[in-house]
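Good morning. Please have the sequence and the model open, and I will go through them in order.

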Amino acid sequence: MAGATAVTGAGRGYDVVVVGARVAGSATAMLLARMGHRVLLVDRMGFPSDTMSSHFIPFYGAARLERWGLLDRLLATGCPPVARLTSDWGQVRLTGRPPAYQGTRVGVCPRRYVLDKLLIDAAVESGVEFEERFLVTELLGDGDRVTGVRGRTSSGARVTVPASFVVGADGMRSLVARTVGAEEYNTVPPLTVTYYTYFENLNLDDLLIHWRPGRCVPAIPTHDGLAVVLCGSPHAEWRELRKDVEGGYFAAIERDVPEFAERLRDARRVERFSGTHHVPNFFRKPFGPGWALVGDAGYHKDPVTALGMSDAFRDAEYLAAALHEALEGARPADEALAEYEVRRNRDAEPLYKYTLEQARYQPLDRLTARVLKALEDNEEDRDQFFGILAGSVLPEEFSALDNIVRILTRAGLMPT
Ligand SMILES: Cc1cc2nc3c(=O)[nH]c(=O)nc-3n(C[C@H](O)[C@H](O)[C@H](O)COP(=O)(O)OP(=O)(O)OC[C@H]3O[C@@H](n4cnc5c(N)ncnc54)[C@H](O)[C@@H]3O)c2cc1C
């Protein structure tokens, strides 16, 4: 229907208007429609289209796609499953098969122009009305309550759409968050700058991450036999790097991971470079009268742990459940939405802390180096260790003192 109709239900209004139709917005809209609500999903972009993002989804995000009946559909587009993960710190290199997350034992790294369109299609199949190239220009209000949106359709028509709730799934620069003045907390300024591009003939079956002091170089297989290869650097290097992105990217990999630079020379780069230094870390209060935030609009962090999309899926489920209760009259909206914030933060805060630690690209400390060494001949615990990356093991679970002591003792590496 994209662009063909000018928001058929605008007169009657909707239960929910979702602004932004990528991972957070289309998932939230789909789940609400499946619960029987009238939902309008809009995005200023046309689809399929790409966006600034690499795109690994660990087991923990893939499990939600599976639960929604979409993982097989995504794999059928030629998206390779990723079940084995390798981390390379130079002095030690480990490979593992993480434990399943809620029964799912694969990750995926789909191109965004495939994934986002697949989610939009699933939302439309579930009964969502979708309008692409629809720019939301302002929110409607009644006192401090948000009552809908005003925007411009692809034909240039100005449309007013009343709704019981407006969901901002409109990314970290969210118009919805800005308009309502959503409070920001746990804020940490950007720590990294990341550039990425795509290679063919890299012959990569699994996810491979190189960790070096001040550098992170992940490579992940994606659609069309390509691999996305990222180079993350401390934020302080941004001004220098942006003068020559291609030169800086290859020079950093050559300097810090020369054996991988050799592999890249044998492969062929097939796309331009993308990247950004603008990766702030923050939570926003995700609700108020008549509005809610989901995805990057409500919670943004460094991409080093590749959790953005999986967190958006999780929060889509939590938010849809809360809005359902409010729309059904089962609970007052502020109570249901306050629980949404609590559930989001309970799950996100430990991983946020872990993400900020990883984004500092610190050299290995002596204890960590010793634990990694101990894991070389211990497949069971090595798989658990990789469960952190897959999202099936919590970082604090693995690094609990008794667990570390057990692993070191078993390897005969416990310091006296
Ligand atoms: C370099 C980099 C690498 C990354 N790598 C990974 C990774 O490997 N794995 C991972 O999970 N995450 C990764 N991320 C993070 C991930 O990209 C985000 O977490 C994710 O895209 C957030 O999705 P979203 O739906 O919340 O927002 P977005 O993807 O930002 O979508 C917001 C949508 O809202 C629309 N919109 C905005 N304003 C309006 C308006 N006024 N009217 C109408 N529409 C509007 C936009 O057009 C857009 O389509 C990476 C990010 C970066 C920068």
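This is a predicted model: local features need pLDDT of at least 70, side-chain atom pairs count only at pLDDT 80 or more; totals for chains, interfaces and linings use all residues.

Now the whole chain. There are 14 helices and 21 strands in the chain. Its C-alpha atoms fill a box of roughly 70 × 45 × 40 Å along the principal axes. For 416 residues, a compact globule would have a radius of gyration near 22 Å, and the chain agrees, because its own value is 22 Å. Of those 416 residues, 56% count as buried. If we take contacts with a separation of 6 or more, 73% come from residues 24 or more positions apart.

How many of the nine residues of helix H2 are buried? Seven are, so H2, residues 59-67, is largely enclosed by the rest of the structure. The cut-off for buried is under 20% relative accessible area. The buried residues are Phe59, Tyr60, Gly61, Ala62, Ala63, Arg64 and Leu65. What covers them includes helices H3, H4, H9 and H12, along with strands E3 and E6. After H2 comes Gly69, which has a positive phi, near 80°.

For contrast, go to Glu335 in helix H10. Glu335 is partly exposed, because its relative accessible area is 41%. Its C-alpha atom is separated by 9.7 Å from that of Glu325, ten residues away along the chain.

H10 also brings us to the last item, the second largest pocket. Its volume is about 990 Å³. The lining has 32 residues, and those nearest the centre are Tyr354, Glu357, Gln358, Thr368 and Phe385. Strand E13 and helices H10, H11, H12 and H13 each give two or more residues to this lining. Which element gives the most? H10 does, with five residues. By type, the lining divides into 19 nonpolar, seven polar and six charged residues.

Methods: Residues are numbered from 1 along each chain as its sequence is written. Side-chain values use heavy atoms; hydrogens and water are left out. On a 1 Å grid over the protein atoms alone, a cavity is a set of points where a 1.4 Å probe fits but cannot get out, and a pocket is an open set with protein on both sides within 12 Å along at least five of seven lines; lining residues have an atom within 4 Å of a point. Grid points are joined across faces, edges and corners, and a volume is the space filled by probe spheres set on the points. Helices (H or I, at least four residues) and strands (E, at least two) are DSSP runs, numbered from the N terminus. Ala, Val, Leu, Ile, Met, Phe, Trp, Tyr, Cys and Pro count as nonpolar, Asp, Glu, Lys and Arg as charged, and the others, Gly among them, as polar. The radius of gyration is taken over C-alpha atoms; the globule rule is 2.2 Å times the number of residues to the power 0.38. Buried means under 20% relative accessible area, exposed over 50%, partly exposed in between (1.4 Å probe, protein chains only). Contact means heavy atoms within 4.5 Å.
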